[in-house]
Amino acid sequence: MSARMLPVPDGLDGMRVDAGLAKLLGLSRTVVAELAETGEVLLNGKAVGKSERLAAGGLLEVTLPDPGRPVEIVAEPVPGLRVLHDDDDIVVVSKPVGVAVHPSPGWTGPTVVGGLAAAGLRISTSGAAERQGVVHRLDAGTTGVMVVAKSEHAYTVLKRAFKERTVEKGYHAVVQGHPDPTRGTIDAPIDRHPRHDYKFAVVAGGRPSITHYEVIEAFRAASLVDVKLETGRTHQIRVHFSALRHPCVGDLTYGADPVLARKLGLTRQWLHARTLGFAHPADGRWVQFESEYPEDLAHALDVLRTQT
């Protein structure tokens, strides 16, 4: 068992313990609820139940299970996981919200790898056992298009392509306010947050991180932005737009307005991996795939348009 100390950020003020802590740690609410029921979650030194409320500025202490246990791939169907393309070398999917890419300690929710296994799709055996075939990732709370390698050759070629930045990754995000200029580049290094290890931040001396953006549509309180990533750091888009004081709508971890999120019916950041283009590992021809907005993001856009 290991203990972690976590300050409660302003964005989680008033949220239930199970929901807020799940967001902070990237665990499922079920796992957090079990930890709370066994007295493993303390708020300001006092054990709290799963349905109690968090207070901004409070100090959480969570005792997590030992991550040393082997992580297994469980072949379980994943509702909403759509296969956009499938051949001998690759499978391209549209990932739904609340789904991790691969298993990890403490995560008991659905995974892309498990969903593909349940569908009878064989994937590459390269990589760590729980991450076989995985050449890039999306956060559990981010939806959209991603590719998984099915052959060993495809795994090697795609890993190199992502490392050498020859893959074109296009995202759509709805951010608060109106970025000025409406088209630009964010070039700011990213690393672990100096005080909160559950998130990332723009940090001097961090890893080089470059985001290109262009506003597609402006609303009264927000903007729909087309984003192209030159690098692929964890939480890169969320961190960069938060640093500009235009956080992704619904992204409470990075400073979004909870009132606006509630008005739009959002329980996660408005961020979607819209397009993915790369040279096909079999013959080098350029292929591109696109994922439509899921229902929650489309609804939020509709609400924004009616308010403009």
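A residue is called buried when its relative accessible area is under 20%, exposed when this area is over 50%, and partly exposed in between. In the predicted model described here, both Phe 278 and Phe 289 are buried. Across the protein, buried residues account for 51% of the 308 residues.

The protein contains seven helices and 15 strands. For a chain of 308 residues, a compact globule would have a radius of gyration near 19 Å, and the value of 20 Å found for the protein agrees with this expectation. Along the principal axes, the C-alpha atoms fill a box of roughly 60 × 50 × 40 Å. The protein exposes about 14,400 Å², of which carbon and sulfur atoms supply 49%. Among the contacts between residues at least 6 apart in sequence, 64% join residues at least 24 apart.

Helix H2, which spans residues 29-37, has Val 31, Val 32, Ala 33, Leu 35 and Ala 36 as its buried residues. The cover over these buried residues includes helix H1 (17-25), strand S2 (41-43) and strand S4 (59-64). Just after H2, Gly 39 takes a positive phi of about 80°.

Aromatic rings were examined next. Rings of Phe, Tyr and Trp pair if their centres lie within 6.5 Å, and planes over 60 degrees apart count as edge-to-face. By this rule, the count comes to three aromatic pairs. The rings of Trp 270 and Tyr 293 have centres 5.1 Å apart and planes at 75°, so this pair is edge-to-face. The pair links distant parts of the chain, with the two residues 23 residues apart. Trp 270 lies in the loop between helix H6 (258-263) and strand S14 (271-279), whereas Tyr 293 lies in the loop between strand S15 (286-290) and helix H7 (295-307). Trp 270 has a relative accessibility of 0% and therefore counts as buried. Tyr 293, by contrast, has a relative accessible area of 23% and is therefore partly exposed.

Phe 278 and Phe 289 form another aromatic pair, which is tilted, with 6.0 Å from centre to centre and 35° between the planes. This pair also links distant parts of the chain, since Phe 278 belongs to strand S14 and Phe 289 to strand S15, 11 residues apart.

The UniProt record, an unreviewed entry, places the feature "active site" at Asp 139. Asp 139 is located in the loop between helix H3 (112-118) and strand S7 (143-149). With a relative accessible area of 22%, Asp 139 is partly exposed. When residues up to four places away in sequence are not counted, Asp 139 touches Lys 95, Val 99, His 235, Arg 238 and Gln 269.

Most residues other than glycine have a negative phi, and most peptide bonds are trans. His 235 has a positive phi of about 65° although it is not a glycine. The residue is found in the loop between strand S13 (222-229) and helix H5 (236-243), and His 235 counts as buried because its relative accessibility is 16%. Arg 245 likewise has a positive phi, near 70°, in a residue other than glycine. Arg 245 is placed in the loop between H5 and H6, and a relative accessibility of 75% means that Arg 245 counts as exposed.

The peptide bond from Asp 180 to Pro 181 is cis, with omega near 5°. Pro 181 is placed in the loop between strand S8 (168-176) and strand S9 (183-187). Thr 182 is also found in the loop between S8 and S9. With residues up to four places away in sequence not counted, Thr 182 touches Tyr 213, Glu 214 and Val 215. The C-alpha atoms of Thr 182 and Tyr 213 are separated by 8.0 Å, although the two residues are 31 residues apart along the chain.

Note on methods:
Residues numbered from 1 in each chain as written. Predicted model: local features only at pLDDT ≥ 70, side-chain atom pairs only at ≥ 80, totals over all residues. Heavy atoms only, no water. Phe/Tyr/Trp six-rings, centres within 6.5 Å; stacked < 30°, edge-to-face > 60°. Helix = DSSP H or I, 4+ residues; strand = E, 2+ residues; numbered from the N terminus. Buried < 20%, exposed > 50% of the residue type's maximum accessible area, 1.4 Å probe, protein only. Contact = heavy atoms within 4.5 Å. UniProt positions renumbered as here; feature names shortened; annotations may be inferred. Rg over C-alpha atoms; globule rule 2.2 N^0.38 Å. Areas by Shrake-Rupley, 256 points an atom, 1.4 Å probe, with all protein chains shown as cover.
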